[in-house]
Amino acid sequence: MSGTPRPRYARFERTRLDHQQELVEDYVEEIAQLHRDHGEARASDLAERFGVSAAAVSKVISRLKRDGLAEARPYRGVFLTEQGRALAEKVEARHQLVLATLLALGVPAHVAEADSEGIEHHCSDATVEAMQRFLESRTGSR
C-alpha cells in the first residue's frame with residue numbers, strides 16, 4: 001500500500017543497518033591494508049590503528065569469522081577469506097570514489113579524507129553510480 005504512511009522511525013532504519021555494517025567494513029578494509037603494507041595483520045596492529053583494546057578487536061574478529069569474512073590463526077594473525085577480500089576491495093573502491101568526489105567539489109583534502117571515512121558507509125549503489133558519472137563527466141571520459 002503505497003498510500004499508507006510509513007512510521008516515522010522507518011526513515012532511520014537504513015542508517016541503523018549501515019552503522020552495523022560500518023565496523024565490519026572498516027575492519028576488512030584495514031586488514032587488507034595491513035597485508036599490503038606489512039604482509040600480515042595482527043590483532044595488536046588493528047587495536048593500535050583503531051585506538052581500541054585488544055578485547056574490542058577480538059570481538060570484531062570473532063564476528064568477521066562468524067560471517068565468513070576472515071580467519072584468525074594462532075600466532076599468525078588475521079587473514080581475509082575470498083569473501084572478505086571482495087568486500088575489502090568494494091569498500092576501498094567506494095572510499096576512493098567518495099574521496100575523489102569530495103575533492104572535485106572543492107572540499108579541502110584533510111576534510112575530504114576525514115569525511116570520506118564516514119560517508120563511504122552510507123552511500124547506496126545508486127549514489128555511488130551517480131558519483132562515478134559526475135566524475136566521468138568532469139573529465140570527459142566514458
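The model is a predicted one, in which local features need pLDDT of at least 70 and side-chain atom pairs count only at pLDDT 80 or more, while totals for chains, interfaces and linings use all residues. Residues are numbered from 1 along each chain as its sequence is written, and side-chain values use heavy atoms, with hydrogens and water left out.

The buried residues of H6 are Val-128, Met-131 and Leu-135. Viewed down the helix axis, the buried residues of H6 fall within an arc of 60 degrees, so they line one face of the helix; the arc is taken from the directions between the helix axis and the C-beta atoms. An α-helix has 3.6 residues a turn, so residues three or four places apart point the same way. Helix H4 (82-104) is included in what covers the buried residues of H6.

The length of H6 can also be checked. Its 15 residues (125-139) should span 21 Å at 1.5 Å a residue, and the end C-alpha atoms are 21 Å apart, which agrees; the expected span is 1.5 Å times one less than the number of residues. Just after H6, Gly-140 takes a positive phi of about 80 degrees.

Turning to the whole chain, the protein has six helices and two strands, where helices (H or I, at least four residues) and strands (E, at least two) are DSSP runs numbered from the N terminus. Along the sequence these elements follow the pattern α-α-α-β-β-α-α-α. The C-alpha trace spans about 55 × 45 × 25 Å along its principal axes. Of the 142 residues of the protein chain, 33% count as buried. Among contacts (heavy atoms within 4.5 Å) between residues at least 6 apart in sequence, 51% join residues at least 24 apart.

Is Glu-30 buried or exposed? Glu-30 counts as buried because its relative accessibility is 18%. Leaving aside residues up to four places away in sequence, Glu-30 touches Leu-46, Arg-49 and Phe-50. Glu-30 and Arg-49 are 19 residues apart in sequence, and their C-alpha atoms are 8.3 Å apart in space.

Definitions and conventions:
Buried < 20%, exposed > 50% of the residue type's maximum accessible area, 1.4 Å probe, protein only.
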